Amino acid sequence: MNFAPLPSVDVSAVPSDGFVLDVREDDEWSAGHAEGALHIPMSDFVGRFGELTEAADDGRRVHVMCRVGGRSAQVTQYLVQQGIDAVNIDGGMLAWDGAGRPMVTDNGNPAFVL
């Protein structure tokens with residue numbers, strides 16, 4: 001059986017208005033995240049899959065992110081199998097932060113990658 005390579009993009013290729021799905025856990029999200037990202041922890045993902053399909057029903061590409069890329073790779077693979085245009089963000093939030101991409105918190109504290 002042939003598996004296509006996992007679609008992935010460099011953090012610099014994510015459009016500023018791109019749809020980002022953050023699959024990190026709640027404490028990681030609270031420390032800092034991409035502004036406008038949809039947060040569905042990987043541990044809750046299957047149960048909350050409908051939230052993603054609603055948010056992505058316009059056919060936008062889904063850019064999946066975790067801390068370094070391992071969890072997001074698994075979720076990206078699942079989404080692609082479901083027929084969703086999804087790509088893994090290489091390097092995750094560490095690369096996002098390293099590239100100087102904007103990060104926010106929900107409580108107004110300075111954002112960092114946990």
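This is a predicted model: local features need pLDDT of at least 70, side-chain atom pairs count only at pLDDT 80 or more; totals for chains, interfaces and linings use all residues.

Trainee: What makes Glu28 and Arg71 a salt bridge?
Mentor: The cut-off is 4 Å between a side-chain nitrogen of Lys or Arg and a carboxyl oxygen of Asp or Glu. The side chains of Glu28 and Arg71 meet at 2.9 Å, N to O. That is within the cut-off, so the pair counts as a salt bridge.

Trainee: Which parts does the pair tie together?
Mentor: Glu28 sits in helix α1, residues 26–31. Arg71 sits in helix α3, residues 70–81. The pair therefore ties together parts that are 43 residues apart in sequence.

Trainee: Why is Glu28 called buried?
Mentor: Buried means under 20% relative accessible area. Glu28 has 9%, so the word applies.

Trainee: And why is Arg71 called partly exposed?
Mentor: Its relative accessible area is 25%.

Trainee: How many salt bridges does the structure hold?
Mentor: It holds 6. One of them joins Glu51 and Arg48, with the closest N and O atoms 2.8 Å apart. Asp58 and Arg60 also form one, at 3.0 Å, N to O.

Trainee: Are Asp58 and Arg60 buried, partly exposed or exposed?
Mentor: Asp58 has 49% relative accessibility. Exposed means over 50%, so Asp58 counts as partly exposed. Arg60 is partly exposed too, with 36%.

Trainee: Which residues are linked in a network of salt bridges?
Mentor: Asp44, Arg48 and Glu51 are. Glu51 is partly exposed at 35%, and Arg48 is partly exposed at 26%.

Trainee: Where does Phe112 lie, and what is it in contact with?
Mentor: Phe112 lies in the segment after β7 (103–104). Leaving aside neighbours within four places in sequence, Phe112 is in contact with Ala31, Gly32 and Met103. Phe112 and Gly32 are 80 residues apart in sequence, yet 5.0 Å apart in space, C-alpha to C-alpha. Phe112 has a relative accessible area of 44%, so it is partly exposed.

Trainee: What lines the largest pocket?
Mentor: Its lining includes Pro15, Val20, Glu35, Trp96 and Arg101. The space in the pocket is about 150 Å³.

Trainee: How do the residues of that lining divide?
Mentor: They divide into 5 nonpolar, 2 polar and 2 charged. Glu and Arg count as charged, so Glu35 and Arg101 fall in that class.

Terms used: Residues are numbered from 1 along each chain as its sequence is written. Side-chain values use heavy atoms; hydrogens and water are left out. On a 1 Å grid over the protein atoms alone, a cavity is a set of points where a 1.4 Å probe fits but cannot get out, and a pocket is an open set with protein on both sides within 12 Å along at least five of seven lines; lining residues have an atom within 4 Å of a point. Grid points are joined across faces, edges and corners, and a volume is the space filled by probe spheres set on the points. Helices (H or I, at least four residues) and strands (E, at least two) are DSSP runs, numbered from the N terminus. Buried means under 20% relative accessible area, exposed over 50%, partly exposed in between (1.4 Å probe, protein chains only). Contact means heavy atoms within 4.5 Å.
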